[in-house]
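This briefing covers one protein model, topic by topic. Please look over the sequence and the fold before reading on.

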Amino acid sequence: MYTKIDFNYKTILITGGAGFIGSNLAFYFQDNFPDSKVVIFDCFRNGKTFPNGNLMSFGHYKNLEGFQGEIICGNINNKNDLSLLDEYQFDYIFHQAAISDTRVYDQEIIMKTNVNSFYDFLKLASRNNSVLVYASSAATYGSLPSPQIVGNEEPENPYGFSKYAMDQIASLFARKNPDMIIVGLRYFNVYGSREFFKGKTSSMVLQLGLQILDGNSPRLFENSDKIFRDFINIEDVVEANINACNPKNSGVFNIGSGSPRSFQDIANILQKELGTNLETENFPNPYLGYQFHTQADIRSSEENLKFKPKVSLEEGIRKYLPEIKLLHGYSD
Ligand SMILES: NC(=O)c1ccc[n+]([C@@H]2O[C@H](COP(=O)([O-])OP(=O)(O)OC[C@H]3O[C@@H](n4cnc5c(N)ncnc54)[C@H](O)[C@@H]3O)[C@@H](O)[C@H]2O)c1
């Protein structure tokens, strides 16, 4: 339990609660605050795909097996679905629902889903007088040099731009409503439990782990020992969301470890833990606009959210491996 806030008898909305981060939050409340009332709003998946072959939404009922709260299947783009939330009085809103796939290039659907719906949640939070914590992203920085710092953004894809737009809208709204608590969390590369159903958009920790368990060489882009990312464990991300409910100031904050690691490091840690010694297979990086080095500047998150990442990449991978082994061979 990370907090002095008592969430028991509070009503909590988690949009995107059938997805990776949202479902972890839901179980955090269920396990630590059994008398909290958690409502999940998610459109789940329906088999429709984007031109890149990935599903249009990744929510999966299996992420919620054992969840005892309320679930509403609804689309954040649909006002009728959203009106189902009118009967509640939310104390806290964790807005995670979004097109989370950074390689979707249909600007209209990204902007409608990620940005237009955000106005609805800001209004809902204002009406209910709720604390609003929402998911922003390190994609707002594009390939700006490290360390990435809030206030200096250069998104390089529609997804990154949509999150950047959300941050601008939130900041305007917060200025007009100074009594509200509105916190945007710029997650860096999150990995851990319940990300399996994100398929090809899941973390490299999971994807490489499954490859190695298959007995295959870990497949990495050429020069992967020089591609550094800021990987952050899901436990630290859940804690950041909880801390964000009681911030020193509203605002947008980086949620990363602050310690960049290479993709090659991940493969090496996995191989060490699994006792394998497979040769890495390298292939050319097909992507333009690729982040080659990310490192969250977390000074402001430490100061305003008391955010302190605790889980090293080594420990995070070690703790995650039993789940990866269980998932190995599982097909959706
Ligand atoms: N995982 C990461 O590394 C990471 C990094 C930066 C930002 N984020 C952001 O964090 C949030 C959660 O990400 P995640 O990794 O859990 O992704 P996810 O795809 O697992 O979760 C998103 C959830 O939103 C739901 N959703 C999508 N479109 C919807 C719609 N139109 N209506 C209702 N529900 C809809 C999906 O079904 C899914 O359950 C997202 O906003 C994402 O952009 C994630």
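How many bridges join strand β1 to strand β2, and in which sense do the two strands run? Five bridges join β1 (residues 11-15) to β2 (residues 37-42), and the two strands run parallel. The model is predicted, and local features are described where pLDDT is at least 70.

- Seven strands make up an open sheet with parallel pairing, in the order β3-β2-β1-β4-β5-β6-β11.
- The edges are formed by β3 (70-73) and β11 (251-255), each of which pairs on one side only.
- From one strand to the next, the twist averages 20°.
- Strands of a sheet pair through backbone hydrogen bonds, in either a parallel or an antiparallel sense.

**Strand β4 and its neighbours**

- On one side, β4 is joined to β1 by four bridges, the two strands running parallel.
- Isoleucine 12 is placed opposite tyrosine 92 of β4.
- β4 also pairs with β5 in the parallel sense, again over four bridges, and phenylalanine 94 stands opposite valine 133 in β5.
- In a regular strand, side chains alternate between the two faces of the sheet.
- Both faces of β4 are covered: Tyr92 and Phe94 are buried on one side, and Ile93 and His95 are buried on the other.

**Helices across the sheet**

- Helix α4 (residues 158-176) lies across β4, β5 (131-137), β6 (182-187) and β11, and runs at about 150° to β5.
- Helix α6 likewise lies across β4, β5, β6 and β11, running at about 165° to β6.

**The contact of α1 with α6**

- The axes of α1 (residues 20-32) and α6 (residues 234-243) come within 10 Å and cross at roughly 70°.
- That angle makes α1 roughly perpendicular to α6, and the crossing is right-handed.
- From α1, the residues in contact are Phe20, Ile21, Asn24, Leu25, Tyr28 and Phe29; from α6, they are Ile234, Val237, Val238, Asn241 and Ile242.
- Of the residues in this contact, nine are nonpolar, two are polar and none is charged.
- An α-helix has 3.6 residues a turn, so residues three or four places apart point the same way.

**Helix α5**

- Is α5 (residues 204-213) largely enclosed or largely open? Seven of its 10 residues are buried, so α5 is largely enclosed by the rest of the structure.
- The buried residues of α5 are Val205, Leu206, Leu208, Gly209, Leu210, Gln211 and Ile212.
- Their cover includes β7 (189-191), β8 (219-221), α7 (263-274) and α9 (313-327).
- Glycine 215 follows α5 and has a positive phi, near 90°.

**Alanine 135**

- Alanine 135 is in strand β5.
- Its relative accessibility is 5%, so alanine 135 counts as buried.
- Not counting residues up to four places away in sequence, alanine 135 touches His95, Gln96, Lys163, Met166, Leu185 and Tyr187.
- Alanine 135 and tyrosine 187 are 52 residues apart along the chain, and their C-alpha atoms are separated by 7.2 Å.

**Serine 117**

- Serine 117 belongs to helix α3 (residues 107-128).
- Serine 117 counts as buried because its relative accessibility is 1%.
- Leaving aside neighbours within four places in sequence, the contacts of serine 117 are with Ile76, His95 and Lys112.

**Alanine 98**

- Where does alanine 98 lie? Alanine 98 is in the loop between β4 (92-95) and α3.
- With a relative accessible area of 27%, alanine 98 is partly exposed.
- Apart from neighbours within four places in sequence, alanine 98 is in contact with Asn114 and Lys163.
- Alanine 98 is 38 residues from histidine 60 in sequence, and the two are 14 Å apart in space, C-alpha to C-alpha.

Note on methods
Residues numbered from 1 in each chain as written. Predicted model: local features only at pLDDT ≥ 70, side-chain atom pairs only at ≥ 80, totals over all residues. Heavy atoms only, no water. Axes fitted to C-alpha atoms, helices over the stretch in contact; angles between N-to-C directions. Parallel < 35°, antiparallel > 145°, perpendicular 65-115°, else oblique. Left-handed = near helix turned anticlockwise from the far one by under 90°. Contact = heavy atoms within 4.5 Å. Nonpolar A, V, L, I, M, F, W, Y, C, P; charged D, E, K, R; others polar. Buried < 20%, exposed > 50% of the residue type's maximum accessible area, 1.4 Å probe, protein only. Pairing = 2+ DSSP bridges.
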